[in-house]
Amino acid sequence: MKSYLSLAWKELKAQRVTAILILIAVILSSLMTTVIGQSIGILQAMRVQQAERLNGSRYATFHQLTQQQAQALHDDPRLTDVGDVLYLGSAGLGSSRLKLSLREYHGDALAMYPSIGKVKEGRLPETASEVALPEDALQYLDKNAAVDDTIRLTLTVSTMDGLLPEVEYTADFTLTGVLESSYLGYSSGTVQGIVGEGSAEALLPEEYRLISTDFKTQSRQDFQRIVLDLAETLQVNAAFIQYNPVLLNALGIAYDA
């Protein structure tokens, strides 16, 4: 054994430059492997973050739920980040072909949509008939509108299944905040406004106060199985299940939709 070590040492001394170059190559290779691994991790994190900005930090949404159905999702231990959203209707924005959609977010539901609730001036709405509107929407509604002004909107609301007729109503809202413009909805022709909790109860007939509940699953591997089980248990029509493919694909979560 000693003779081998002695021979190896003699060879290293004789081939000192070659040995140093090999050592440097090994070190650089290890560093490069580490850097590539870190870069892949950073790129993946950026991809997930971008997906959340585009379509929300949610795996799926069940639409047209009753209060009892929505509560069952909140109580299910297999779910996390459960949030409720109520749709109050939409209003046309002049000749822009854009529509303003108003939604009421309960609890931390708004936190799942990082591109929507960025306040430029004022604050987010807290109570019924308070509203925060994006700056680009105010350009069409009232260019001179300021925080604490009254904004009158004529809205239309309907149900997803079309079983109830479309309803038009007019309501006054107190403008509590101006939101930063988010252009993500332009492809679908919509901009998003936020109303305070209790607005739907104050303004909409009970049969139109249906809930959309966003959620993630604790287990990514069992995501699809959990969704199907919940849909069967709560009797949620498949047409009212909305997946978030942008985020699911970024996370590598399998789904059947």
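Visitor: What makes strand 2 and strand 3 a hairpin, and which residue in the turn has a positive phi?
Guide: Six residues lie between strand 2 and strand 3, and Gly94 in the turn has a positive phi of about 55°. Strands here are DSSP runs of E, at least two residues long, and helices are runs of H or I of at least four, numbered from the N terminus. This is a predicted model, in which local features need pLDDT of at least 70, side-chain atom pairs count only at pLDDT 80 or more, and totals for chains, interfaces and linings use all residues. Residues are numbered from 1 along each chain as its sequence is written, and side-chain values use heavy atoms, with hydrogens and water left out.

Visitor: How do you know that strand 3 pairs with strand 2?
Guide: Two strands pair if DSSP finds at least two bridges between them. Seven bridges join strand 2 to strand 3, so the antiparallel two count as paired. Ala91, for one, has Leu100 in strand 3 as its bridge partner.

Visitor: What joins strand 3 to strand 8?
Guide: Six bridges do, and these strands run parallel. Arg103 has Ile194 of strand 8 as its bridge partner.

Visitor: Why is strand 3 called mostly covered?
Guide: Five of its seven residues are buried, meaning under 20% relative accessible area with a 1.4 Å probe, protein chains only.

Visitor: What makes 16 residues of the lining of the largest pocket nonpolar?
Guide: They are counted so because Ala, Val, Leu, Ile, Met, Phe, Trp, Tyr, Cys and Pro are the nonpolar types; Asp, Glu, Lys and Arg are charged, and the others, Gly among them, polar. The lining also has 17 polar and six charged residues.

How values were computed:
Buried means under 20% relative accessible area, exposed over 50%, partly exposed in between (1.4 Å probe, protein chains only).
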